[in-house]
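Subject: Structure handover and notes

Dear colleague,

Please find below the structure I promised to pass on to you. My notes on what turned up in it follow directly after.

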Amino acid sequence: MKALALALAVIFFIIGFLYLFGILQIGASHGGRHVSHFVLFVVLGILSLVWMRFASSGASPQR
Amino acid sequence: MVLAVLQGASELFPVSSLGHTVLVPALLHWKFDRSEPTFLAFVVALHLGTAVALVIFYRADWVRIARALVSSVARGSLSNDPDERIGWLLVAGTVPVALLGVFLEAPVRRFFGSSAIVATFLILNAFVMFAGEGLRRRQTTSVPSTAALRASAQDKLSPRTLAELSWADAIKVGFAQSAALLPGISRSGASIVAGLLLRLSHEDAARYSFLLATPVIFAASALELPKLFAPQAQAVLAQSAVGGVLAAVTAYASVAFLTRWFHSHDLRPFGWYCLIFGTLCLGLALAKVIA
């Protein structure tokens with residue numbers, strides 16, 4: 001789980017920066033930079049890091 | 001100012017603020033360019049005002065939730081603290097609407113130009129609320145025939161608290177909230193119906209819906225904040241500020257009213273309102289009286 005969370009975090013950060021620099025345009029309404037997409041994927045990356053922290057301490061969702 | 005009051009009230013009432021911001025100007029034959037920097041700045045201020053009102057109204061909850069989340073991350077584990085659980089459920093519920101909002105906002109925007117489509121979604125919104133209330137009533141009134149089944153059903157039918165929701169439930173409510181990307185479908189209506197179907201009380205479903213709406217409205221307006229300070233928007237900065245304050249006051253009054261309303265009432269009056277207003281607007285749109 002810890003490795004999966006870390007891998008997801010890295011993927012989300014990379015996707016976020018690809019949107020920020022306008023390299024990735026999937027689902028974008030216009031060309032150029034996409035700050036909303038960047039913020040979304042950075043937040044998802046941070047949440048994945050939080051998940052990694054929980055996974056490394058052995059805590060898991062109860063329900 | 002009418003738009004500010006309309007936004008503050010309809011954002012939280014389960015009647016679709018997006019739907020009303022399309023239909024009311026069409027009914028009043030107001031003509032303005034929705035892509036104009038001055039209008040965008042004004043809309044950002046209204047949303048910001050609404051979000052601030054929600055944070056102020058639920059300030060005690062947010063302080064407890066934020067503290068619980070920070071201590072949970074610092075500890076690196078999940079505890080049984082209800083505030084911590086609600087905090088993480090809100091995070092889980094926000095992810096679907098954030099993903100769908102960012103990726104589907106542009107394709108959905110083409111519906112905004114047609115009053116007929118928006119009115120149809122408003123009628124659909126009414127039926128979603130009626131169906132939700134009907135299913136909820138069926139859940140609570142269906143009594144099994146034998147005593148053993150009755151006992152096990154009692155547990156399944158008794159209302160749950162927010163902290164008893166599962167991660168999957170939180171994500172389901174989040175997806176339900178995403179339906180509000182369609183103008184005419186209400187964010188709070190969809191998420192309250194989803195909460196009711198997950199056996200929350202009306203009061204808890206509404207509270208969860210308003211808590212869930214706060215980060216979404218805040219994030220959406222924060223991302224658009226530069227538009228408020230764009231050079232072309234300076235001309236309407238004072239109007240935007242007054243509009244934002246007015247939207248905040250109206251939103252605060254609306255959430256105060258709605259939390260009391262859901263103590264002892266349900267969604268059906270809002271359903272009737274959406275059905276009547278939606279049908280009226282659809283009729284006028286089909287008769288080409290409104291655009």
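This is a predicted model, and I would like to begin with helix 9 of chain B, residues 187-197, which is largely enclosed by the rest of the structure because 10 of its 11 residues are buried. The buried residues of this helix are B:Arg187, B:Ser188, B:Gly189, B:Ala190, B:Ser191, B:Ile192, B:Val193, B:Ala194, B:Gly195 and B:Leu196. The elements that cover them include helix 6 (115-141), helix 8 (167-178), helix 10 (202-223) and helix 13 (268-286), which belong to chain B as well. Just after helix 9 of chain B, the backbone at B:Arg199 takes a positive phi of about 70°.

Helix 12 of chain B, residues 237-264, has 28 residues and reaches 41 Å from its first C-alpha to its last, which is close to the 40 Å expected at 1.5 Å a residue. The buried residues in helix 12 of chain B are B:Ser240, B:Gly243, B:Gly244, B:Leu246, B:Ala247, B:Ala248, B:Thr250, B:Ala251, B:Ser254, B:Val255 and B:Leu258.

Helix 1 of chain B, residues 2-10, crosses helix 12 of chain B at roughly 35°, with the two axes coming within 7 Å, and the crossing is right-handed. On the side of helix 1 of chain B the contact is made by B:Ala4, B:Val5, B:Gln7, B:Gly8 and B:Ala9, and these meet a set of residues in helix 12 of chain B that includes B:Gly243, B:Leu246, B:Ala247, B:Thr250 and B:Ser254. By class, this contact between helix 1 and helix 12 of chain B has 8 nonpolar and 5 polar residues, with no charged ones.

Helix 1 of chain B also packs against helix 2 of chain B, residues 17-27, at an angle of about 150° and with the axes 9 Å apart. Since angles over 145 degrees count as roughly antiparallel, that angle makes helix 1 of chain B roughly antiparallel to helix 2 of chain B. The crossing of these two helices of chain B is right-handed, and the residues in contact are B:Leu3, B:Leu6, B:Gln7 and B:Ser10 from helix 1 with B:Ser17, B:His20, B:Thr21 and B:Val24 from helix 2. By class, the contact of helix 1 with helix 2 of chain B has 3 nonpolar and 5 polar residues, again with no charged ones.

Turning to chain A, its secondary structure comes to 2 helices and 0 strands, and buried residues make up 24% of its 63 residues. Among contacts in chain A between residues at least 6 apart in sequence, 59% join residues at least 24 apart. One residue I looked at in detail is A:Phe41, which lies in helix 2 of chain A, residues 35-56, and which counts as buried because it has 24 C-beta neighbours inside 10 Å. Leaving aside neighbours within four places in sequence, A:Phe41 is in contact with A:Phe12, A:Ile15, A:Gly16 and A:Tyr19. The C-alpha atoms of A:Phe41 and A:Tyr19 are separated by 9.0 Å, although the two residues are 22 apart along the chain.

Finally, the contact between the chains takes 13 residues from chain B and 15 residues from chain A. Helix 5 of chain B, residues 82-108, gives the most to the side of chain B that touches chain A, with 6 residues. That side of chain B divides into 10 nonpolar and 3 polar residues, and no charged residues.

With best regards

Notes
Residues numbered from 1 in each chain as written. Chains lettered and ligands numbered in written order. Predicted model: local features only at pLDDT ≥ 70, side-chain atom pairs only at ≥ 80, totals over all residues. Helix = DSSP H or I, 4+ residues; strand = E, 2+ residues; numbered from the N terminus. Buried ≥ 20, exposed ≤ 12 C-beta atoms within 10 Å, placed from the backbone. Contact = placed C-beta atoms within 7 Å. Axes fitted to C-alpha atoms, helices over the stretch in contact; angles between N-to-C directions. Left-handed = near helix turned anticlockwise from the far one by under 90°. Nonpolar A, V, L, I, M, F, W, Y, C, P; charged D, E, K, R; others polar. Expected span 1.5 Å × (residues − 1). Parallel < 35°, antiparallel > 145°, perpendicular 65-115°, else oblique.
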